[in-house]
Amino acid sequence: MSTLSSSLPLLEQAGPRRWSAGQWSGLVLLLLVAGFALLGPLVIDTDPARQQLARYLETPSLAEPLGFDQLGRSMLARLAHGARLSLSLALLSVLSAAIPGSLIGLLAAWCGGWTERVLAALADAVLALPGLLLVLLLAAFAPGGFWPLYVGISLALWVEYFRVVRAASRILLASPQVEASRLLGFGALYIVRCHLLPALLPRLLTLVRFGLAGAVLAMSALGFVGVGLQPPTPELGVMMIELLPYYREAPWLVASPVLVLFLGLLGLLLLSSQGEAA
Amino acid sequence: MNASLPLDALRVEDLTVWHGQQPLVGGVSFAVPVGGVLSLLGESGSGKSLLAQAIMGNLPASLRATGSISLAGQYSDAADGRSRQSGWGRRIALLPQEPWLALDPTMTVARQVAETYELVSQSAPDQQNESLRRARSQAAASARRALASLGLEAAADKYPFMISGGMAQRVAFLATHAAGAPLMIIDEPTKGLDVDRRGEVLALLQAAQAEGVSLLCITHDVWLARALGGQLAVLQDGAMVEQGSAEALLAQPRHAYTRRLLGADPACWPLPEVRTPRADAAVIAELREISKSFGEQALFAGVSARLHAGEVVAVSGPSGSGKTSLGNILLGLLQPDSGQVLRAPGLPRTAFQKIYQDPAAAFAPSIPLRRSLQDLVRLHGLPWQELEALLERMRIAPALLDRLPRQVSGGELQRIALARVLLMKPALIFADEPTSRLDPLTQQEVMALLVEQARAVGSAVLLVTHDADIVRCVADRRLTLSPAGQSQSQPAH
Amino acid sequence: ALAHGDEAGHAHGDIAHAGKDMLTVVGPWELTGLDPTRSGYMFARMEVLETLLEVDDAGQLQPSVASAWSVSADGLQWRFVLRSGLRYHDGSALTPASILACLQRAQARPGVLRLADIAALRVEGQTLVVVLRRPFGPLPYLLTHYTTQILAPASFDAQGNVVAIIGSGPFRIRSIALPQQFEVERVAGSVSGSGAGSDVGKVVQRARYISVSRAETRTLLVQSGQADLAFSLDPPSIRALQDSPRASLLSAMLPRTTLLKLNAGHPLLADVRVRRAISLCIEREGIARALLRDPDLGATQLFPPSLARWHDAALAPLRTNLQQARSLLDQAGWRPGSDGVRRRDGQRMALNLTTFVDRPELPLIATALQEEMRQIGMAVRVVIGNSSDIPAGHRSGQLQMALAARNYGNLPDPVASLLQDFGPQGGDWGAMGWDNQEVPALLARLAATPADAAAKGNAERARIVALLQEQLPVIPVVWYRQTCAVSRRVRGASIDPFERSYRISSLQWT
Amino acid sequence: MDLNRFLSARSGQRLAAALVPRLLQAVLVALLVGTLCFFMTRMLPGDMAYRIAAGRYGYDMVTTEAALAVRDELGLDRPWFMALSEWWSRLLHLDLGVSQVSSQPVLAEIAHQLGPTLRLSLLAMALSLLVGPTLGVLAGLHPGRWLDRATLALSVGLRALPSFLLGLILVLLFSVQLGALPAAGHGDHGGILLPALTLALGLAAVSCRVARDAMVQVRQSAYFAFALTKGLSPAQALARHGLRNVAAPVTAYLGVQLVMLVEGVVLVETIFAWPGIGHALVHAIFGRDVPMIQGTALVLGLMFVLFNALVDAACAFLDPRGRA
Ligand SMILES: Nc1ncnc2c1ncn2[C@@H]1O[C@H](COP(=O)(O)OP(=O)(O)OP(=O)(O)O)[C@@H](O)[C@H]1O
Ligand SMILES: Nc1ncnc2c1ncn2[C@@H]1O[C@H](COP(=O)(O)OP(=O)(O)OP(=O)(O)O)[C@@H](O)[C@H]1O
Ligand SMILES: [Mg+2]
Ligand SMILES: [Mg+2]
């Protein structure tokens with residue numbers, strides 16, 4: 001505690017920031033994961049659906065660095081395809097939750113009054129409908145399909161952004177800095193860009209980053225209750241639950257999708273620790 | 001006890017503050033004797049606040065200090081700020097320049113003062129022997145007494161966003177003062193305060209001094225330096241130009257800058273030539289029977305006024321009487337409880353502008369100044385050269401614009417805010433203490449510029465100022481808000 | 001590091017136990033209600049409720065509430081002599097009238113009693129009389145099914161809903177917390193009968209059943225010493241428990257077969273050559289080895305060896321032969337297309353395979369089958385849904401292929417189940433759109449003969465088995481083995497091959 | 001303290017005035033949710049009668065015959081508006097109907113399941129608040145130092161780990177290895193700890209980062225610096241000015257975390273064989289048990305809105321600027 005104030009960076013430097021070691025490692029991690037997800041399926045030319053039952057749970061070897069899964073499919077190939085699908089699905093659903101969620105939150109804070117009340121009630125209603133219920137109900141329309149999961153996850157997630165943005169913007173919008181800009185004739189867009197975003201973005205990014213992991217985990221939660229993507233589509237979340245039973249015999253199998261997610265998330269968090277580290 | 005040598009409470013030797021390779025404050029040396037006072041006068045942006053921070057040891061991370069600093073005989077390297085941190089509050093306390101930002105937005109005013117009494121104050125009885133509750137209630141009582149002494153009893157339970165600029169100034173001062181540290185550094189303790197309040201602050205300072213507290217007082221108020229007596233130092237452009245006893249120096253300034261500075265005291269400003277009343281000028285805005293209260297606290301009632309083009313109307317009244325609120329009502333930023341605000345028809349949306357009492361709060365904190373100004377220029381298709389010219393007249397170096405708002409001095413930011421508004425050529429300017437953070441010289445120039453520009457463009461100016469001299473020299477008319485609730489409008493002269 | 005050597009040599013605190021004398025049984029089944037038609041089997045397994053008759057491990061009928069039974073010469077009138085002097089757990093007598101009420105109630109609800117064409121149910125003194133419209137040999141077996149359990153009159157409310165479980169077994173209910181848990185205690189004086197040389201002081205007096213849906217959790221409960229009996233363990237869990245110091249494993253083949261139900265009425269599947277090709281592409285042993293860890297479980301025919309009367313050891317086993325499968329499809333006119341999927345007359349060989357999650361191995365096997373069928377040029381879409389999708393799809397005719405696990409030991413004599421599955425219209429869990437009259441006729445003949453006339457009907461059975469093997473209205477994939485973990489705290493455990501009882505009354509503390 | 005003043009008579013009235021509309025809103029939202037569930041479930045593909053039969057009798061016994069019997073018994077052929085209006089009119093008498101699967105009153109079932117779920121969630125919340133923000137604040141005090149990096153890695157790890165895996169690891173550690181806690185189940189003493197911890201760690205992962213970011217901001221603020229220069233010790237400044245300002249965003253985030261909690265509850269209840277409403281809800285959806293879905297969603301919805309109202313009140317208490 002005594003060193004609390006040791007490096008009080010009351011004011012920080014403007015201008016171009018130099019990248020810290022943490023950020024570099026974050027970038028490297030992120031590039032690794034993204035490269036694996038994007039290029040992996042192209043480079044690894046094993047068919048992820050190709051099964052050799054005789055080689056079930058075979059231990060990793062040089063030729064197959066991650067071994068084979070319970071059906072004797074190449075784990076590496078499945079992981080690469082799964083990473084591509086999961087990460088893009090996660091990105092898609094998080095973005096399509098974050099963008100409208102934040103915008104609606106802004107709208108509510110901006111307009112206030114009735115608009116705000118109605119929007120808040122709507123958000124409450126969505127929040128009150130458990131996300132899982134929503135996804136399960138949607139998934140029942142198209143079992144194994146892609147879109148119900150996507151829509152469901154986005155629908156369940158947007159409220160998070162709505163609430164956070166609304167709460168923070170309400171305070172910011174009442175501040176003298178925004179008042180000054182308004183007096184000077186700046187429009188909504190400018191105020192959002194120059195006054196709100198700089199303050200909100202770090203918080204939103206934290207949510208987005210964890211939201212990405214959350215979306216993948218939501219898939220695994222759905223897999224857990226028996227609603228997931230259609231086999232044999234590899235997907236990280238579903239793989240986690242599918243490979244769970246083998247955690248004793250082949251712990252590396254269930255660990256590898258978790259590790260991909262871990263590295264991706266770590267990369268994201270490290271990368272954006274900009275200016276926060278002293 | 002070592003009585004052999006009369007120790008200095010603070011001795012600064014060859015202190016330099018560096019921004020990279022560039023010195024912002026260069027090689028300053030001075031000393032504050034035990035129980036003595038050193039007033040620091042100087043040009044806005046000359047490095048007074050940085051000096052104070054360097055002494056405390058809380059310079060921003062991007063700056064560093066060299067030289068040496070001795071606190072009550074205890075020597076330390078200026079670069080080694082950490083070594084002085086343990087003495088914060090107990091041996092040395094600092095009143096920061098921007099009081100409003102320094103107050104915790106989520107805590108009531110009274111508690112922020114009380115906690116200094118409870119946790120820091122050396123005058124507080126030994127807390128070991130006392131129950132915590134008792135200590136706490138005593139601290140609360142002391143805080144209320146202190147608040148009352150500066151006329152803040154009504155604000156005790158308010159949160160910082162509910163109090164006026166001058167009240168924030170006093171609260172922050174009290175919170176610092178309560179620590180009872182043997183050395184206090186106070187950065188502009190009287191800015192934005194009316195005569196009565198200034199007197200109260202001075203009385204508090206003198207009382208502290210009588211108890212043996214040493215003061216390093218940064219100020220633009222020449223009368224404060226004079227009243228405090230002791231030593232005086234004058235800073236210009238990061239360098240100490242003159243130092244000596246206040247009495248002598250004020251009576252016979254040697255350095256040309258000091259002479260100019262003292263000559264620029266509003267009390268010595270020339271009276272303007274008597275202008276004919278502008279009854280014929282267009283009415284820009286009109287207040288009709290405006291009243292406003294916050295909860296049970298009534299600010300004013302039945303205020304009526306007309307603002308004509310090219311006219312400077314001063315609003316005066318004690319701190320907390322509702323000057324800022326009145327301006328906000330005029331600008332439509334605050335709803336009056338009753339009454340009407342009329343705007344001349346056909347004025348654009350941006351015709352009414354405001355110069356904020358607290359300039360630091362009115363800028364987007366994360367946008368470099370140049371960018372926000374460029375955005376403004378682009379938005380309204382204004383000529384950038386005109387802005388540069390304005391800045392130059394106010395002696396703001398263009399290089400400053402590349403910084404963030406919090407990386408320039410308070411006075412610099414205030415001038416930039418003023419330039420921003422003048423550039424807009426508005427029909428009405430609500431100038432809320434527009435020169436509160438400026439040294440007299442700059443103040444005079446800036447005020448002249450403001451009036452000149454307003455007259456040239458035909459802007460009406462609603463000028464809030466606590467300084468009767470300024471009112472006398474600048475304003476055409478004067479609107480006084482008195483706490484009793486009535487207000488009257490009268491000619492300025 | 002997590003996987004091995006976990007239990008050995010560690011001192012274990014015993015906070016985990018609800019009490020040292022409480023036997024904890026865990027299984028995946030939830031109690032969906034009190035009515036015998038819903039969770040009656042759980043109350044039977046915990047020996048709370050009884051049926052008129054019992055069966056032994058070989059499937060032979062044994063007396064229970066009824067001490068003797070007989071059938072008239074025309075096979076239309078069955079008489080069951082009820083034991084006297086029995087009491088329900090609430091102390092009331094087990095009267096013939098109360099039994100009759102339970103059976104009449106069962107007849108009015110979905111359940112096995114409807115399989116027999118019952119004209120009347122009545123009591124004559126201590127005898128229950130069942131009058132049939134058509135002879136039905138397996139009738140006594142129906143009366144061993146949990147849907148015909150006997151409950152005390154006090155179990156029902158005025159509307160006839162079950163509000164309490166009051167039975168006549170050696171254990172009575174102490175408390176029930178739907179849907180997860182119930183606790184039983186031994187009824188005083190019920191110890192006498194249990195095994196020779198038993199130590200009365202060491203028999204299990206109190207037990208509870210907890211529904212634990214994940215196999216991993218059941219295994220962990222055993223490993224931590226919290227559970228004493230754990231059922232339905234999956235192969236990885238079995239591996240994990242194999243050398244556990246806390247528990248030993250018991251296993252038995254159950255007459256449950258995982259099979260591919262085909263819609264033989266579907267244009268793509270009507271040709272028996274296609275069905276055979278599908279059968280030929282299935283690597284049964286591989287699936288059994290990889291997914292069940294027991295290569296012997298590959299189903300070479302529909303009925304496992306444990307159904308001794310129905311398993312025909314002489315039958316040519318189902319094999320895997322991709323070459324042959326491909327040529328059969330070629331012969332049937334299906335030619336490989338550019339995308340690897342076969343086509344005939346412009347039609348792609350694409351089919352849906354419906355399965356469900358209630359049994360965790362099914363989606364896995366379906367995935368394996370999907371890939372194997374892809375190898376011979378069939379595009380299969382696996383649809384994982386609910387078990388009811390299969391009967392619903394059967395009824396609507398929309399079903400194409402389904403993977404299900406059929407329990408032929410549902411009734412200890414499979415004839416009744418087979419009648420359901422391979423009747424003239426096929427069956428929800430059996431044939432679909434299969435145009436065959438011989439099997440239904442043979443089954444009808446079997447049903448008409450009393451079930452315990454052992455030697456009779458062998459010819460019919462052999463013919464049915466052979467026909468099914470040849471025509472493949474359903475394609476057997478793997479058989480099933482029940483594995484149960486038994487804590488070393490108890491001894492005397494055994495597995496009931498018909499999953500009727502956990503036999504906790506014969507368990508003893510060590 | 002401040003809380004007392006906040007709850008004093010006048011503000012008590014104000015609080016009531018603020019809560020009454022929220023209550024009304026809660027009721028409306030719950031009704032809406034219940035009705036919405038009704039329609040969504042009705043619109044789902046697949047034959048409800050078969051689903052219910054499967055739910056009731058299990059996969060070995062579901063047949064067309066059973067499904068037809070279910071259809072008759074429950075009157076599933078009735079037009080939808082009759083079923084819905086029946087639900088509404090029952091609701092007026094605070095009756096949520098009868099479960100189609102278990103034939104038990106829905107209210108009784110929910111009452112039975114809500115307790116364990118609430119206990120589990122509250123304990124999880126409490127644990128997560130104890131762990132997450134505490135670590136977050138400590139990490140935010142020294143951004144970039146080892147504790148910051150460690151908590152970063154930890155929260156990433158916890159957030160990348162699905163709760164069933166996390167639960168498994170905890171069970172292996174605490175039950176199998178140490179024998180200190182029951183592995184699963186509801187009846188045994190201390191059985192709530194592992195599921196609650198599983199949930200709590202997942203929640204703490206994010207709230208730790210939220211608190212850390214807030215702490216970094218507070219630490220850079222002028223008011224925190226002033227607290228220090230006026231003489232408060234770092235610990236005092238933290239306690240008086242740091243925590244309260246950190247608490248505001250953390251509390252605001254609590255409302256969001258509730259969503260995560262419900263999702264987690266479903267998984268954790270299943271893996272730990274904990275009898276709760278999440279598990280029941282999933283089963284109800286699979287079994288197309290409309291009254292049960294409606295009832296559960298209604299109760300969950302009510303709780304959500306009430307909890308959010310509390311969160312909002314807490315936010316207003318913590319940050320006066322939001323009390324507009
Ligand atoms: N963080 C910073 N980085 C770079 N330059 C700075 C920073 N802070 C202040 N400066 C510059 O240092 C100079 C001195 O600033 P300082 O705040 O000490 O002035 P001041 O004498 O207190 O003026 P004022 O009376 O206007 O408050 C100014 O020119 C200012 O622009
Ligand atoms: N949002 C608010 N809630 C409650 N009281 C408020 C609020 N805003 C201002 N006040 C009160 O109104 C009074 C007038 O404030 P105002 O800022 O107008 O004063 P002022 O005349 O500009 O004073 P100063 O010269 O100190 O700037 C103050 O007592 C202040 O406490
Ligand atoms: Mg300054
Ligand atoms: Mg003011």
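How many helices and strands does chain A have? In this predicted model, chain A has nine helices and zero strands. Helices (H or I, at least four residues) and strands (E, at least two) are DSSP runs, numbered from the N terminus. The elements of chain A run α-α-α-α-α-α-α-α-α from the N terminus on. Along the principal axes, the C-alpha atoms of chain A fill a box of roughly 75 × 50 × 40 Å. Chain A comprises 278 residues, of which 61% count as buried. Buried means under 20% relative accessible area, exposed over 50%, and partly exposed in between (1.4 Å probe, protein chains only).

Residues are numbered from 1 along each chain as its sequence is written, while chains are lettered from A and ligands numbered from 1 in the order in which they are written. In this predicted model, local features need pLDDT of at least 70 and side-chain atom pairs count only at pLDDT 80 or more, whereas totals for chains, interfaces and linings use all residues; side-chain values use heavy atoms, with hydrogens and water left out.

Ligand 1 is surrounded by 23 residues, a residue being near if one of its heavy atoms lies within 4 Å. Gly45(B), Ser49(B), Gln97(B), Gly411(B) and Glu412(B) are the closest. The shell divides into five nonpolar, 12 polar and six charged residues. Here Ala, Val, Leu, Ile, Met, Phe, Trp, Tyr, Cys and Pro count as nonpolar, Asp, Glu, Lys and Arg as charged, and the others, Gly among them, as polar. Domain 1 (8–268) and domain 2 (283–480) of chain B each give at least three residues to this shell; the bounds come from an automatic or database domain assignment.

Side chains also approach oxygen atoms of ligand 1. An N or O atom in the side chain of Ser44(B) lies 2.7 Å from one such oxygen atom. For Ser409(B), a polar side-chain atom is 2.8 Å from an oxygen atom of ligand 1. On its own, ligand 1 has 630 Å² of accessible area (Shrake-Rupley method, 1.4 Å probe), and the protein covers 95% of it. Helix 1 (48–56) and helix 14 (410–423) of chain B are the elements that give two or more residues to the shell.

The magnesium ion (ligand 3) has Ser49(B) (OG) and Gln97(B) (OE1) as protein donors, at 1.9 to 2.2 Å. Donors are N, O and S atoms within 2.8 Å of the metal (3.2 Å for Na, K and Ca); water is not among the atoms, so sites may look incomplete. Both Ser49(B) and Gln97(B) are buried.

Ligand 2 has 19 residues around it, and Ser164(B), Ser319(B), Lys323(B), Thr324(B) and Ser325(B) come nearest. Its shell holds five nonpolar, 11 polar and three charged residues. Domain 1 (8–268) and domain 2 (283–480) of chain B again supply at least three residues each. An N or O atom in the side chain of Lys158(B) is 3.0 Å from an oxygen atom of ligand 2. The corresponding distance for Gln297(B) is 2.8 Å. For Gln357(B), a polar side-chain atom lies 2.7 Å from an oxygen atom of the ligand. Ligand 2 exposes 640 Å² when taken alone, and the protein buries 89% of that.

Thr324(B) (OG1) and Gln357(B) (OE1) coordinate the magnesium ion (ligand 4) at 1.9 to 2.3 Å. Thr324(B) lies in helix 11 of chain B and Gln357(B) in the loop between strand 15 (352–355) and helix 12 (369–380), so the pair ties together parts 33 residues apart in sequence. Thr324(B) counts as partly exposed, because its relative accessibility is 23%. Gln357(B), at 15%, counts as buried.

Terms used
Polar contact = N/O pair within 3.5 Å; in protein donor to acceptor, adjacent residues only side chain to side chain.
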